[in-house]
Each structure stands twice: as structure tokens, then as C-alpha cells.
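Trainee: I would like to learn how to read the features of a model one at a time, with the general idea before the particular case. Could we work through one together?

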Amino acid sequence: MQIIEFTTDKRFVRRARALKTIETMVRMYCRGHRHEGCAPLCSDCGALFEYATRRLERCVFGDAKPTCKNCVVHCYRADMREKMRVVMRWAGPRMMLRHPIMGIAHLMEESRPVPRLPAKSAKSRSATKDGR
Ligand SMILES: [Zn+2]
């Protein structure tokens, strides 16, 4: 079995880009709030980013993934979802100033059509629900 990194493989370009955007926003948030021990992320923000990376790796849509905001599947745990929502709301407008190209690219992603969940993966998803 061949293992490939989704962050570097060309087939996963959209998720790699989404991850980069999330990383940038979490870093801005962590630094902006002067969290303890940012190198480059404090342990809390680091854990949030780790979690986001795992969710993205396992996204049921693969690289057809919509932006998380528009997604019909809520794959985040409630507490992580809330944390990420706070980070995004804070970093969103700031990213437009600091990283306008990344910000605009993300807005364009958001205007893309949102895929619906195929019936098959809906079933396998509920089977693995406890593995979060
Ligand atoms: Zn932090």
C-alpha cells in the first residue's frame, strides 16, 4: 500500500490549500491574543490545528470538499467547532488585510456549489462516529 501525504500530493490541492488557510488563521489568532508559548502555536491552538488537520484528512468529500462553513456535514466535535468558529470570526476580516490573496481565494471557494453527501458514505460515517 502506498501512503501519500495529502498536504503535498497534487490530487489534494484543494484540501492542502484549505489547511494552509486554517493554519494562517489559527496563527494570527494565537499571536493576536498573545497566548503563552507561541512557537508558532500555543498548546490550545496547536491542538485545534491538529484536530482540524485530522478532520480535513478524513473529509468524506475528499478533494470535492466544500468550504467548512458551507458544508452539509458537521464533522467537528461541538467544542472544537465552537473554538474554530471563534478563530475564524476573529481572523477572517484580518486575513483580508494581511493575506488578501488567500482571503479572496477562500471567498471564491465559498461561492462554489456545495456537494451533497453520497448515501454510501453517510452510512460508513455513522459507523465510525465513535472514532473521533
Ligand atoms: Zn494560542
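Trainee: Does Val60 count as buried, partly exposed or exposed, and at what relative accessibility?

Mentor: The general idea is a pair of cut-offs on relative accessible area, with buried meaning under 20%, exposed over 50%, and partly exposed in between (1.4 Å probe, protein chains only). At 33% relative accessibility, Val60 counts as partly exposed. Val60 lies in the loop between H2 and H3, and its C-alpha is 8.7 Å in space from that of Val73, although the two are 13 residues apart in sequence. Before we continue, please keep in mind that this is a predicted model, in which local features need pLDDT of at least 70 and side-chain atom pairs count only at pLDDT 80 or more, whereas totals for chains, interfaces and linings use all residues. Residues are numbered from 1 along each chain as its sequence is written, and side-chain values use heavy atoms, with hydrogens and water left out.

Trainee: Which elements does the chain have, and how much of the chain is buried?

Mentor: Helices (H or I, at least four residues) and strands (E, at least two) are DSSP runs, numbered from the N terminus. Here the chain has five helices and zero strands, so that the order from the N terminus reads α-α-α-α-α. Of the 132 residues in the chain, 36% are buried.

Trainee: How many residues of H1 are buried, and what span should the helix have?

Mentor: The expected span of a helix is 1.5 Å times one less than its number of residues. For helix H1 (residues 13-32), with 20 residues, that gives 28 Å, and because its end C-alpha atoms are 28 Å apart, the two values agree. H1 is mostly covered, with 14 of its 20 residues buried, and it is followed by Arg34, whose phi is positive, near 50 degrees.

Trainee: Which residues are the protein donors of the zinc ion, and what is their arrangement?

Mentor: Donors are N, O and S atoms within 2.8 Å of the metal (3.2 Å for Na, K and Ca), and since water is not among the atoms, sites may look incomplete. The protein donors of the zinc ion are Cys30 (SG), His35 (ND1), Cys42 (SG) and Cys45 (SG), at 1.8 to 2.3 Å from the ion. Four donors count as tetrahedral if all angles lie between 85 and 135 degrees; they count as square planar, as six count as octahedral, if opposite donors are over 155 degrees apart and all others between 65 and 115, and anything else is irregular. The four donor atoms around the zinc ion subtend angles of 104 to 119 degrees, and the arrangement is therefore tetrahedral. For reference, the ideal angle for four tetrahedral donors is 109.5 degrees.

Trainee: Which residues form salt bridges with Glu23?

Mentor: Side chains of opposite charge can pair when their charged atoms come close. A salt bridge is a side-chain nitrogen of Lys or Arg within 4 Å of a carboxyl oxygen of Asp or Glu, and a search of the whole structure finds eight. Glu23 meets Lys20 in one of them, at 3.7 Å from N to O, and Arg27 in another, with the closest N and O atoms 2.9 Å apart. Lys20 is partly exposed at 46% relative accessibility, as is Arg27 at 30%.

Trainee: Where is Lys65 placed, and is this residue buried or exposed?

Mentor: Lys65 is in the loop between H2 and helix H3 (78-98), and with a relative accessible area of 8% it is buried. The C-alpha atoms of Lys65 and Ala18 are separated by 9.4 Å, while the two residues are 47 apart along the chain.
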